[in-house]
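This briefing gathers computed features of one structure, grouped by topic. Please read it alongside the sequence and the coordinates.

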Amino acid sequence: DSRALLTSLGHMACRIVSTNLTTAEEIAGVFPESFHKSLAGLLTKISVELAPFWREIMAENSVGLPRLSSFSWSVATEQKKGEPVCFLNLNIKQDKGDIKSVNSHLSEEALTDMINSLKHVKGQISAMTT
C-alpha cells in the first residue's frame, strides 16, 4: 500500500508540474469530489509549497533536444576540386551541458539548398506566431 501511495503522489506531483498548476484552487481541483476533504487540503497546501521545487527538479532531469550554442563559418577554396566551399562549425549543447562540435563543408549548391530550407522553416515559424 505504501508503494502505491508513493506512486500516486509522484503522479500527482508530475500532473501539477506538467499542467502548470500554481494556486491552491487549481491544485485542489486535482482531487475528486469523493476524496477526503481534510487530506485533500493538506496535500494541496504541501503541493503549493513544493511545486516550485518539483518544477526545478523536473527541469534539471528532463531530456530535451540539443540546442545550438554557437556557430562559425569561413569560405575557402577546396584543395582537391579548386571550388569555393563554406566551412561550417556548429557548437551544440547537449542535455547534460556538454558542448559537441560538428564541422561540415558545403558547396555553393548545398549552401543554397540549406538557405532555402531555412527560409521555408522561418516562414512556417512566422505563420505559427501570427
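This is a predicted model: local features need pLDDT of at least 70, side-chain atom pairs count only at pLDDT 80 or more; totals for chains, interfaces and linings use all residues.

The lining of the largest pocket comprises, by class, twelve nonpolar residues, with no polar and no charged residues among them.

**Largest pocket**
- The space in the largest pocket comes to about 240 Å³.
- Its lining consists of L68, F71, W73, V75, C86, L88, L90, I92, L111, M114, I115 and L118.
- Two or more residues of this lining are given by each of the elements β1 (67–77), β2 and α4 (108–129).

**Strands β2 and β3**
- Strand β2 (residues 84–93) runs antiparallel to strand β3 (residues 99–107), and nine bridges join the two.
- Within this pairing, F87 has H105 in β3 as its bridge partner.
- The two strands β2 and β3 form a hairpin with five residues between them, and in the turn G97 has a positive phi of about 95 degrees.

**Helices α1 and α3**
- Helix α1 (residues 2–18) packs with helix α3 (residues 37–61) at an angle of about 70 degrees, the axes being 9 Å apart.
- Because angles of 65 to 115 degrees count as roughly perpendicular, α1 is roughly perpendicular to α3.
- On the α1 side the contact involves L9, M12, A13, C14, I16 and V17, which meet L43, S47, A51, W54, R55 and M58 in α3.
- By class, the residues of the contact of α1 with α3 are ten nonpolar, one polar and one charged.

Terms used: Residues are numbered from 1 along each chain as its sequence is written. Side-chain values use heavy atoms; hydrogens and water are left out. Axes are lines fitted to C-alpha atoms, for helices over the stretch in contact, and angles run from 0 to 180 degrees between N-to-C directions. Helices (H or I, at least four residues) and strands (E, at least two) are DSSP runs, numbered from the N terminus. Angles under 35 degrees count as roughly parallel, over 145 as roughly antiparallel, 65 to 115 as roughly perpendicular and the rest as oblique. Contact means heavy atoms within 4.5 Å. Ala, Val, Leu, Ile, Met, Phe, Trp, Tyr, Cys and Pro count as nonpolar, Asp, Glu, Lys and Arg as charged, and the others, Gly among them, as polar. Two strands pair if DSSP finds at least two bridges between them. On a 1 Å grid over the protein atoms alone, a cavity is a set of points where a 1.4 Å probe fits but cannot get out, and a pocket is an open set with protein on both sides within 12 Å along at least five of seven lines; lining residues have an atom within 4 Å of a point. Grid points are joined across faces, edges and corners, and a volume is the space filled by probe spheres set on the points.
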